[in-house]
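Please walk through this structure in a viewer, one selection at a time. Each stop says what to select and what is there.

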Amino acid sequence: RVNRNDFMNALDEVTPAFGVAKEELEQVIQNGIIHFDQVVDDILRSGQLFVDQVRTSTRTPLVSLLLHGPPGSGKTALAATMAQSSDFPFMKLVSPDDMVGFSESQKVAAISKTFADSYKSPLSVIVVDSVERLLDFTPIGPRFSNTVLQTLMVLFAKRPPKGRRLLIIATTSLRPILTDLGFSESFDSEIRVPPISKLPALQHVLEEVELMKDPRELKQTMQMLVQAGFGSQDDVNGLNIGIKKLLSIVEMARQEPENVGERLVTSLMGL
Ligand code: ATP
Ligand code: MG
């Protein structure tokens, strides 16, 4: 006999296409966002403004935004957070990670389908992640997929059908090549996502992830970092590390409870 539970289970199984896309976004922000510096809030606030613009302005049915910064600075997580907080009915992540082994034409088809799907929703946001990897950019040559580039340029310029609005948030860790490729003009706005360069920001992260149980140990670690020269304010000689890398160093250091602070400092010095 079919009962109410079976019915509810069946409903769960029919996850709507939009719901699936939402999970992709959630996956890249699993580790959460640590508000280690004012700049993090500033970036998210800017993102919110673009979301609001797309939602409310009838004059700008298409807005494209580029998040750029060094590897691991948190671009993907921030783009996904912006997209998710829009709560638009269509939210989708276009990631090279999901296109491993795709031919050029399969990539073009996948990207085009995402945009075509978005045009069915009144409000959409698409995160186009790691553009240089989507383009298969290699500095040797240099080489890249011109077919994918042309596809992206056309889609980034194409106004959605009447009554439809779309926000595109792209990310790249190779900002300069987008200029070389003539792609940077495709963006309405750009936001830089910087690495962590100040000790207070680093300390904030360490506190948040509770690497050290004892506050004295944290204090000692911070002093060691100053002695190691990381207190310098300029990015070249001072600290210069993406949040992604920092979190992975933290997790490595956590594996052994002895001298966590020292091992952290050593890892940072070895970068
Ligand atoms: P890549 O250059 O390799 O593409 P990325 O710049 O896209 O890297 P992410 O993949 O977004 O970096 O990695 C950032 C990681 O740090 C994520 O796991 C994210 O959850 C975590 N994180 C914590 N705090 C922040 C923050 N304030 N901003 C961004 N990411 C954060
Ligand atoms: Mg990324």
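**Before starting**

This is a predicted model, in which local features need pLDDT of at least 70, side-chain atom pairs count only at pLDDT 80 or more, and totals for chains, interfaces and linings use all residues. Residues are numbered from 1 along each chain as its sequence is written, while chains are lettered from A and ligands numbered from 1 in the order in which they are written.

**Stop 1: the two domains**

Colour residues 15-192 as domain 1 and residues 199-269 as domain 2. These bounds come from an automatic or database domain assignment. Taken over C-alpha atoms, the centres of domain 1 and domain 2 are 32 Å apart. Where they touch, 9 residues of domain 1 are in contact with 9 residues of domain 2; two residues are in contact if their C-beta atoms, placed from the backbone, lie within 7 Å. The side of domain 1 that touches domain 2 has 4 nonpolar, 4 polar and 1 charged residues. In this sorting, Ala, Val, Leu, Ile, Met, Phe, Trp, Tyr, Cys and Pro count as nonpolar, Asp, Glu, Lys and Arg as charged, and the others, Gly among them, as polar.

**Stop 2: ligand 1**

Select ligand 1 and the 21 residues that surround it. A residue belongs here if its C-beta atom, placed from the backbone, lies within 6 Å of the molecule. The closest are N31, G74, T76, A77 and K244. Which domains supply at least three residues each to the shell around ligand 1? Domain 1 and domain 2 both do.

Next, show α4 (75-86) and α11 (243-254), each of which supplies at least two residues of this shell. Helices (H or I, at least four residues) and strands (E, at least two) are DSSP runs, numbered from the N terminus. With 4 residues, α4 gives the most to the shell. By class, the shell holds 10 nonpolar, 9 polar and 2 charged residues.

**Stop 3: α3 and α4**

Axes are lines fitted to C-alpha atoms, for helices over the stretch in contact, and angles run from 0 to 180 degrees between N-to-C directions. The contact joins I43, L44, G47, Q48 and V51 of α3 to L78, T81, M82, S85 and S86 of α4. Its residues are 5 nonpolar, 5 polar and no charged.

**Stop 4: α10 and its two partners**

Move to α9 (residues 199-208) and α10, whose axes are 11 Å apart and pack at about 150 degrees. The two helices are therefore roughly antiparallel. From α9, select L199, Q203, L206 and E207; they meet L218, M222 and L225 in α10. This contact has 5 nonpolar, 1 polar and 1 charged residues.

By class, the contact of α10 with α12 has 4 nonpolar, 3 polar and 1 charged residues.

**Stop 5: two backbone details**

Select D87, in the loop between α4 and β2 (90-94). D87 has a positive phi of about 60 degrees although it is not a glycine.

Last, go to P142, in the loop between α6 (131-134) and α7 (146-157). A cis peptide bond joins G141 and P142, with omega about -15 degrees.

Conventions: Parallel < 35°, antiparallel > 145°, perpendicular 65-115°, else oblique.
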